[in-house]
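Entries follow in the order I checked them.

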Amino acid sequence: MTLPTHAISGLLIGSILGHPVVGLIAGCFPDIDHLYSYVKHGYIKNWKTFYKHAFGKEDVTGDQRNILHNVLVVLLLCLILSFILPKFFIVFSLGYISHIILDAIDTSDYFPLYPSKIINIKGFLDFYSYQEGILFTILLIIQLFVSFS
C-alpha cells in the first residue's frame, strides 16, 4: 500500500481511540524500511532514480519491506512499548498492525519473517491502483465521519 493509505488507516485508528497523532505515526512507521533500502542502493543520490523507486509499482531490490515489517519484530516493538509508554500502547500497536495487514493484502511481495524469504504473501489489491484508491476513499470518509461526529 502507499503511504497515504497507511496514514489514513493509522489516523482513523488513532482518532477512534483518542490519540490521532500516535495512530498516524504508527501507521507510517514501518515504512522507514523504504528509506533504508533507498540509501543502501544509492537511490537517494539521484532524484529521478529515487522517484522511480519510491513511486514505482515494483520493488526491484526486494528489500523495501524489511525488518520493521517482520511480524516478530512488530510483536517485540509493541511489547517494549507497552512498558515504556503504556498510555499509547494500544493505539500504536493497532496502527502498526494495520500497516502490516494493508501490506499483506496488496499484490507486492511481503515477507512476514524477513530476512527469511521462505514465506511470501501476495494479496488481492493491486499496489498503487484504482482499487487502493477506493480503499483510501472509504477510509477517508469514515475518518471524516469520526472527526465530525
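Entry 1, confidence. I am working with a predicted model. I looked up the pLDDT first: the chain averages 91, and 92% of the residues score at least 70. A reminder to myself: where pLDDT is low, the predicted coordinates should not be read in detail.

I checked how α5 (residues 71–84) sits against α6. The two pack at an angle of about 170°, and their axes are 9 Å apart. The angle is over 145, so I log α5 as roughly antiparallel to α6. From α5, the contact uses Val71, Val74, Leu77, Cys78, Leu81 and Ser82. From α6, it uses Phe89, Phe92, Ser93, Tyr96, Ile97 and Ile100. I sorted the residues of this contact by class: ten are nonpolar, two are polar and none is charged.

I stayed on α6, which spans residues 89–105 and holds His99. Is His99 buried or exposed? Its relative accessible area is 0%, so I note His99 as buried. Next I looked for a polar partner. The side chain of His99 makes a polar contact of 3.1 Å with the side chain of Asp31. Last, I listed what His99 touches, leaving aside neighbours within four places in sequence. The contacts are His6, Gly27, Cys28, Pro30, Asp31 and His69.

Key
Residues are numbered from 1 along each chain as its sequence is written. This is a predicted model: local features need pLDDT of at least 70, side-chain atom pairs count only at pLDDT 80 or more; totals for chains, interfaces and linings use all residues. Side-chain values use heavy atoms; hydrogens and water are left out. Helices (H or I, at least four residues) and strands (E, at least two) are DSSP runs, numbered from the N terminus. Buried means under 20% relative accessible area, exposed over 50%, partly exposed in between (1.4 Å probe, protein chains only). A polar contact is a pair of N or O atoms within 3.5 Å; within protein, one must be able to donate a hydrogen and the other to accept it, and residues adjacent in sequence count only if both atoms are side-chain atoms. Contact means heavy atoms within 4.5 Å. pLDDT is the predictor's confidence in each residue, from 0 to 100. Axes are lines fitted to C-alpha atoms, for helices over the stretch in contact, and angles run from 0 to 180 degrees between N-to-C directions. Angles under 35 degrees count as roughly parallel, over 145 as roughly antiparallel, 65 to 115 as roughly perpendicular and the rest as oblique. Ala, Val, Leu, Ile, Met, Phe, Trp, Tyr, Cys and Pro count as nonpolar, Asp, Glu, Lys and Arg as charged, and the others, Gly among them, as polar.
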